[in-house]
Structures are given as structure tokens and as C-alpha cells.
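Welcome, and please take a moment to look over the sequence and the 3D structure shown here. The report after them walks through the fold piece by piece.

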Amino acid sequence: MHGPDPQNPHPLTGHERVGFLKPLVTAENVEIGEYTYYDDPEGPAGFYERCVLYHYPFVGDVLRIGKFCALATGVKFIMNGANHAMGGVSTYPFNIFGGGWEEGFDPAEWSAGHKGDTEIGHDVWIGYGVTIMPGVKIGHGAIIASKSVVTGDIPPYAIAGGNPAKVIRSRFDEETVERLLALNWWDWPPEKIGRHARALGRMDLDALEGAK
């Protein structure tokens, strides 16, 4: 009933392409919850290098991915280091290269285009080849269709797709979404999740709300 070891980078025997990310990603300014996995034929160990782009420590933005998320091959998180200030004559980032070019720059000017931290909720399914732009917030339980480009926030339990991604529909009615968010099942201890995994795989909300 305890489930797989969340610190095991390869929890699926015989399938090294699937890995839990929490023990694999130790990069600065990245937070990944337990049981979130990445599936890639090249293996999950290179997730940060291949999938988290323009993430420079001096920018200071954070990538947060919740627990129990499923990330398909080729997911890309574009971080704020990709943005350039657009208010001047040139968009070239003179100041970052030093050698005297940094003199006189106001950090508030060149960081004006930054969109903040990128935050993915718990139990989010992100499909093949999805690109997520800087500062996006994706709510718990959402699903993002393959090849989508997510430029804005996605609410909890929504299905979104396209370029730019738009909400196609909600997975559940508003009352059910509120009940699911109140359930907060991803924070249950592993033993409790194990006892009620079958109900979690179904839509047995009454049973889950009374779960012990």
C-alpha cells in the first residue's frame, strides 16, 4: 500500500525511459513534487537540460511542478531568460555580457518583460511536445493537449489545446471541481493513497471524501 519509492529515478521496471523527476533534477530554482514523471526515449535524466530552456540563475525565476504530474516527451518550459527588453532601440542584451557594457543599465529596465515564476499544479497531464511560456500558471488536474503552446494561465481541471492554447472544456462541472480541490488527495500519505487508488482511478468522489 506504500506505492513506489518516490526517490527511485526509474520506478517502471523494464522501461528506463520513464523516470520520477524529483530525484533527478537538482538544478537551482526548480521545485518538483514527488511521483511526477517524465517519459522520453532518450531517458529522463536529461530533462532539465533538454526541457527547461533559458533558465539562468541570475534571472531568479522559479519553475514549480507539483506532485503526480505526467509529462510527455518533448515538453518545453521556456523561462524568463528567453525574454529581451523591447523598449529601447535594440533588443540586444548588452548588459549581460560585461566588459563594461553593463555600466549604466537599470536592472528594472531589462527585467521589465519578465513574467514571474512558472507554476504547474498537482495531477497535471502535459502532452507530447507542449511548449509552456514564461510565467504561466496551470491549475491542478488540468490536461494540456499535444503540441500546444501555452501562453496564458489554465484553470484547474480544464482541458486546453492549440496555439495559443485555449480552454476546450472543463473536465467536470463547477461543483465537482470545487469538491476535488477541497479533497487535496495529492497531499495524502502514501498508505492512504494506496488504499484508495482504485477510487482515484474512477470518479468515486463520495468514497474519496469519506476516505480514512
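## Before we start

This is a predicted model, in which local features need pLDDT of at least 70 and side-chain atom pairs count only at pLDDT 80 or more, while totals for chains, interfaces and linings use all residues. Residues are numbered from 1 along each chain as its sequence is written, and side-chain values use heavy atoms, with hydrogens and water left out.

## The chain as a whole

The chain has 6 helices and 15 strands. Both are DSSP runs numbered from the N terminus: helices are H or I with at least four residues, strands are E with at least two. Along its principal axes, the C-alpha trace spans about 65 × 40 × 30 Å.

Of the 212 residues, 40% count as buried. Buried means under 20% relative accessible area, exposed means over 50%, and partly exposed is in between, using a 1.4 Å probe and protein chains only. Among contacts between residues at least 6 apart in sequence, 45% join residues at least 24 apart; a contact means heavy atoms within 4.5 Å.

## The sheet

In general, strands of a sheet pair through backbone hydrogen bonds, either parallel or antiparallel.

## Two buried histidines

His-55 is in the loop between strand S4 (52-53) and strand S5 (63-65). Is His-55 buried or exposed? His-55 is buried, with a relative accessible area of 9%. Its side chain reaches the backbone oxygen of Asp-61 at 2.8 Å. Beyond its neighbours within four places in sequence, His-55 is in contact with residues including Glu-28, Tyr-48, Leu-63 and Met-79.

His-122 sits in the loop between strand S8 (118-120) and S9. His-122 counts as buried at 18% relative accessibility. The side chain of His-122 reaches the backbone nitrogen of Lys-67 at 2.8 Å. Not counting residues up to four places away in sequence, His-122 touches Gly-66, Lys-67, Cys-69, His-140, Gly-141 and Trp-186.

## The largest pocket

About 770 Å³ of space lies in the largest pocket. A pocket is found on a 1 Å grid over the protein atoms alone, as an open set of points where a 1.4 Å probe fits, with protein on both sides within 12 Å along at least five of seven lines; lining residues have an atom within 4 Å of a point. Grid points are joined across faces, edges and corners, and the volume is the space filled by probe spheres set on the points.

Which residues lie nearest the centre of the largest pocket? Of the 35 lining residues, they are Phe-68, Asp-123, Trp-185, Leu-200 and Gly-201. S1, helix H4 (190-195), helix H5 (197-201) and helix H6 (205-209) each supply at least two residues of the lining. By class, the lining has 26 nonpolar, 5 polar and 4 charged residues. Ala, Val, Leu, Ile, Met, Phe, Trp, Tyr, Cys and Pro count as nonpolar, Asp, Glu, Lys and Arg as charged, and the others, Gly among them, as polar.

## Backbone details to look for

Most residues other than glycine have a negative phi, and most peptide bonds are trans. Tyr-157, in the loop between strand S13 (149-150) and S14, has a positive phi near 60°. Tyr-157 counts as buried at 2% relative accessibility. Asn-184 also has a positive phi, of about 55°, and is found in the loop between helix H3 (174-183) and H4. At 30% relative accessibility, Asn-184 counts as partly exposed.

A cis peptide bond joins Asn-163 and Pro-164, with omega about -5°. Pro-164 lies in the loop between S14 and S15. Gly-162 belongs to strand S14 (residues 158-162) and is partly exposed, with a relative accessible area of 34%.

Note on methods. Polar contact = N/O pair within 3.5 Å; in protein donor to acceptor, adjacent residues only side chain to side chain.
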